[in-house]
Amino acid sequence: MPYLSEGDAYLFRIRSLDVHNQPLMRVENGFVRHRVASVDNTRATDLWAIEPVRGANGFYTIESLGHRSSDRRSRNMLTGSGTSTSTTGTLSLTAYNSVHNQHWRILRVRNDDSWRYYITNRANPHLVVRTGSGNNVDMSNVMVDAGWTLERYGQTSFVGGGHFGINRLHDRTVVSLGVRSSARVNFLDSTTWNDISSNVEILPFSVDARESMLSAETGEDMHIYPMHPRWPRPYRNSFPVVVEEWNFVRIPPTGFGQDVGIFMPDGTTVVDSSFLHDQDPTRDWIWGTIKLCDRSTGSVGSGINRSALFVHEVGHALKLNDIGWFRTGLYPTRHSYHWHPVSVMNVGTLGTHEYMLSAPSGYDRFNLIRHWGR
Ligand SMILES: [Zn+2]
């Protein structure tokens, strides 16, 4: 990519001599608008991810990271509509569907001391994205108000942290997830993290089924744990994670005891209230465990969607951080309480906030790719 950095998010702004009239491109109530406003640092409505289209040199997709689609999970691609004879066109956000209406050419033009970017639609190359009538951003064959500045959104806050290592196989991270039946989750739920980055693969299986199979084979009483030589063959040499139930009552309330689930890299113990802080951040971990609360009643146990919790903890195993949670200490997450893009990595109870969900959103997909590559 000659001048846009792949995997970054951008703000689009129209610069003018009037410093009070420099609108941002923003998603508002599902529409693509231009607003003279400061950057939305709560819901990511000004953030757009730009990615090259494979096999179509010079074209990019532009994806909103802040739009709340009805299913809250789909990617939300900037999509243009118009005809070859139309002088204007409209913009909308639609689910990813590799069509020419979602492909954009981004032309960079030097203007005084800065670059302006002109964005044309592959399906309607005579139309350029510009601030149109009213507050809408639309497409036109008139170039006025079409020179956008692109500002890379540099805050680390919106990218999950990476203070733990993972033992990587070559260039790939293969996580073998051994789920105990006592964990009371469907191990296949973890595969919602698959098919996002070609460098990340989750291989879930039932530990109990494996154990009983091995016992029948060998007559041994097998107790499988990470790094055991009898870890199933395709899963060996991967990054093993065991998922099990845990009674969090035993954890001191000052630590992460209130949590209903936790991912713990190897070497951490649940008897140590500061177990997340005793890790050497420069060291790669070799395996980990996900512990899910065993309570089904009370303020912690009730209302918790175990599937959502499970997928969230697998996100931690993939080095994604909590959102909307400020953690002090050695590893502050550096984002504010108010930062709530739609994400499975939000902290809270499913159903209480519109930004909570049970599977990776477009924003989560963006972060995973940012971490591990496409
Ligand atoms: Zn978390």
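In this predicted model, the largest nonpolar core has 71 residues, and those with the most contacts inside it are W48, L65, V241, L292 and V314. A nonpolar core is here a set of buried Ala, Val, Leu, Ile, Met, Phe, Trp, Tyr and Cys residues joined through C-beta atoms within 7 Å. Helix α3 (residues 306-317) gives the most to this core, namely six residues. Domain 1 (9-154) and domain 2 (160-372) each supply at least three residues to the core; the domain bounds come from an automatic or database domain assignment. In soluble globular proteins, nonpolar side chains tend to be buried together.

Residues are numbered from 1 along each chain as its sequence is written. Because the model is predicted, local features need pLDDT of at least 70 and side-chain atom pairs count only at pLDDT 80 or more, while totals for chains, interfaces and linings use all residues.

The secondary structure of the chain comprises four helices and 19 strands. Helices (H or I, at least four residues) and strands (E, at least two) are DSSP runs, numbered from the N terminus. Of the 374 residues in the chain, 38% are buried; a residue is buried if 20 or more other C-beta atoms lie within 10 Å of its own, exposed if 12 or fewer, and partly exposed in between, with C-beta atoms placed from the backbone.

Two residues are in contact if their C-beta atoms, placed from the backbone, lie within 7 Å. Among contacts with a separation of 6 or more, 58% involve residues 24 or more positions apart. Not counting residues up to four places away in sequence, V241 touches V175, L177, W287, G288, T289, I290 and A317.

Strand pairing requires that DSSP find at least two bridges between two strands.

| Strand pair | Residues of the partner of β7 | Bridges | Bridge partners |
|---|---|---|---|
| β7 and β11 | 137-140 | two | G89 and M139 |

With β6 it forms a hairpin that has six residues between the two strands.

G362 lies in helix α4 (residues 362-372). Is G362 buried or exposed? G362 is buried, because 25 other C-beta atoms lie within 10 Å. Not counting residues up to four places away in sequence, G362 touches E63, L65, S74, R75 and N76. The C-alpha atoms of G362 and I196, which are 166 residues apart along the chain, are separated by 9.9 Å.
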